[in-house]
Amino acid sequence: FPMSSAPPFPSFPNVVGLMSGRLRSPCPGTLFSGAAFLATLCFLIGMGLWGTSAEAGYFYVASIIVGTPLLLAMKPWNATLPRAISLYAALYVGFLIMCIVHVWFRGASTGTIEYAARFLIGLINGLFFYHLVGQDRQALFRLIVLVAGAHWAVAVAYTIYAGVDFQQLSIVGGRVGGNTSPISYSMLFITSAGILALSLADRIRPEAKRLPLTGIVIVLGATTLAATISGSRGTLITMPLLVLLVFALLWMRIGLKWSLGIAAVGGVLLLASAYAVFGRDPHMWTTLWGYLFGDPDELQYYSGTSVRYELWAAAISLIPEQLLFGHGISSMPEVLRHPAAGLPEGSRLLYYGHIHNEYLDLLLKTGLVGFVLFYAPMVVALWLAIKRLANPAHHLWALVVMWVVGAQLIYGVTSVMFAHASTILQFGVYLGMLVFVVAGDEKQPVATR
């Protein structure tokens, strides 16, 4: 990669350089080059193992420790950041400050601060690598793809290894979730799968399409298999968005015929997976019908579906009580004892820590203020991505941002990212790096594919 232009740190060879096609010969700055190589390698290993192994955190922290003095040495304050990145950072700083206020004045857990800080740590990762590659956005994007590919391969391999009985060729009964919850774990590898699948779709040309198309089918097939094993319905429903985005990119690259074929393959894989995963709760649709059009009091069946409906109803009743600032980040489950919730003593809901819906959960706990601070940075990223759609060379960047944000927005319908440290950091890192890719001066030269 071309390094920051500030002497004495010119370019250096590293693992990511293999992806850039712009590897140069080593220069003097041996100590800096070695430390940069170590920081990059630790980052790749840490993010590659994320959610699968507890040791991932050690590698990730090591990359931060080694990279911090390097970032300071590159003097990033001498470069002018695009206003959109400053806005993105300011909004998450606001969210962090709100969490600190909740800790100091509303009795929230101190762990809330560490959770909120992960969004900003991901942005620091983006700042570090953005300057390390000499502000080459194409090179930075290739690093993101490399990270996503490594993480997807490790997560899917682990899931298949732990969840398949190879002698009977059947799925083992327990849901596989790495070192975290199967719900958040599923979201982790599905997010990485989307980045990888879209990148493969972008490599397709009319004269060279068989190998990338095969790669896309393998990624979609292995991902749906892993999603079936992990068994998360809420994360599986993000996959139609991925199929749609891959279809759109293929249509732009090689026309309607092949894109429809891949979309059909993806649809069949999703239907097969959905049949297995949604079959875990055969009463789900009956329960939904009962809540919408029947008498919920007559429903005695206990399931993840019925619990969600009851939690959502309680939250909708409680939110107007503290609409602006919420009841407190750590108010669950005590807030469910509020008379407005309408829950009887001994209710099974009084042991839950979140609402299983991120939108209602944030409104309940942080009010409109927290809701806006949490989602506004995503809106900024989507706005930047939409602007990139005007340039055919940047379609891939735009669609990847749409996938990372869109998948999270869909995931939030049935679960809560802010309840899982693993999903917070992965989302923070992916989006924190991607904003450096899609933001910036349109006149800034960009390396071609």
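This is a predicted model: local features need pLDDT of at least 70, side-chain atom pairs count only at pLDDT 80 or more; totals for chains, interfaces and linings use all residues.

Here is a short tour, from confidence to cores, a cavity and some backbone details.

Across the protein the mean pLDDT is 86, and 86% of the residues reach 70 or more.

Two stretches call for some care. Residues 1–28 stay under 50 in pLDDT, though the model gives them 61 contacts beyond four places in sequence. Residues 442–449 are also below 50, with 22 contacts beyond near neighbours in sequence.

## The nonpolar cores

The largest nonpolar core takes in 117 residues, and Phe95, Leu198 and Phe418 have the most contacts inside it. If you click on Phe95, look for what it touches beyond four places in sequence: Ala116, Phe119, Leu362, Gly370, Leu373, Phe374 and Phe418. Apart from this core there's another, made of 18 residues, including Ile319, Val335, Leu350 and Leu363.

As a bit of background, nonpolar side chains tend to be buried together in soluble globular proteins.

## A cavity and one of its residues

Which helices each give at least two residues to the lining of the largest cavity? They are helix 7 (182–202), helix 15 (395–411) and helix 16 (421–438).

Met187 is a handy one to follow. This residue sits in helix 7, and it counts as buried because its relative accessibility is 3%, where the cut-off for buried is under 20%. Met187 and Gln408 are 221 residues apart along the chain, yet their C-alpha atoms are separated by 8.3 Å. Beyond four places in sequence, the contacts of Met187 include Thr235, Ala407, Gln408, Tyr411 and Gln426.

## Backbone details in the loops

The loop between helix 13 (304–318) and helix 14 (358–388) holds Pro333, which is joined to Met332 by a cis peptide bond with omega about 0°. His356 is found in the loop between helix 13 and helix 14 as well. Its phi is positive, about 65°, although His356 isn't a glycine.

Lys75 has a positive phi too, near 50°, and lies in the loop between helix 3 (56–73) and helix 4 (83–106). Are these two residues buried or partly exposed? His356 is buried, at 12% relative accessible area, while Lys75 is partly exposed, at 44%.

Conventions. Residues are numbered from 1 along each chain as its sequence is written. Side-chain values use heavy atoms; hydrogens and water are left out. A nonpolar core is a set of buried Ala, Val, Leu, Ile, Met, Phe, Trp, Tyr and Cys residues joined through side-chain atoms within 4.5 Å. Buried means under 20% relative accessible area, exposed over 50%, partly exposed in between (1.4 Å probe, protein chains only). Contact means heavy atoms within 4.5 Å. Helices (H or I, at least four residues) and strands (E, at least two) are DSSP runs, numbered from the N terminus. pLDDT is the predictor's confidence in each residue, from 0 to 100.
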